[in-house]
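Thanks for coming. I will talk about aromatic rings today, and I will keep it short. Please have a look at the sequence and the model first.

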Amino acid sequence: QARLVESGGGSVQAGGSLRLSCAASSDIPFFGSCLAWFRQTPTGKEREEIAAIYTGDDTTYYADSLKGRFTVSQDNPANRVYLDMTRLEPEDTGMYFCAARVGGCFGLQPPTKYDYWGQGTQVTVSS
């Protein structure tokens, strides 16, 4: 069964860093797909896409609100994508989800554009 599994969440103080990992099962066509990170905050109405990477050529996309603090990357042989988060702020607290779809990213997209989802990993940033 095709699935995505996130890991790496946890509690950290403001200014700290975390690395999230998303492992894709072998039946998800990893190369040539768009892998994205979404975030749902406690006050958010819906999941917001914050970063994405097209595994075909490493093109990346980021939400302006991140102010350059996060980096998305891939490990193609391992079918994994990562989200390196630095200078974390309490406003970054939320559930982080990995999502995937076959084909290009074409910028940040709404959740309905993605076919595969993970269960999410919680990130809590204290002040």
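**Aromatic rings and their partners**

Phe-97 has a relative accessibility of 7%, so it counts as buried, the cut-off being under 20%. This is a predicted model, by the way.

Now to the pairs. A pair of aromatic rings is described by two things, the distance of the centres and the angle of the planes. How many aromatic pairs are there by this rule? The count is four.

Take Phe-38 and Tyr-114. Their ring centres are 5.3 Å apart and their planes stand at 85°, so this pair is edge-to-face, which requires an angle over 60 degrees. Phe-38 belongs to strand 4, residues 33-40, while Tyr-114 sits in the loop between strand 9 (94-102) and strand 10 (116-117), so the pair ties together parts 76 residues apart in sequence. Are these two residues buried or exposed? Phe-38 and Tyr-114 are both buried.

Next, Phe-97 again, this time with Trp-117. Here the ring centres are 6.5 Å apart and the planes are at 75°, so this pair is edge-to-face. Phe-97 is in strand 9 and Trp-117 in strand 10, 20 residues apart, and the pair links these distant parts of the chain. Trp-117 has a relative accessible area of 25%, so it is partly exposed.

Put together, ring pairs link Phe-38, Phe-97, Tyr-114 and Trp-117 into a cluster.

Last, the charges over rings. Arg-47 lies over the face of Trp-117, at 4.9 Å from the ring centre. Elsewhere on my list, Arg-19 lies over the face of Tyr-82, at 4.1 Å from the ring centre.

Notes
Residues numbered from 1 in each chain as written. Predicted model: local features only at pLDDT ≥ 70, side-chain atom pairs only at ≥ 80, totals over all residues. Heavy atoms only, no water. Phe/Tyr/Trp six-rings, centres within 6.5 Å; stacked < 30°, edge-to-face > 60°. Helix = DSSP H or I, 4+ residues; strand = E, 2+ residues; numbered from the N terminus. Buried < 20%, exposed > 50% of the residue type's maximum accessible area, 1.4 Å probe, protein only. Lys NZ or Arg CZ within 6 Å of the ring centre and 35° of its normal.
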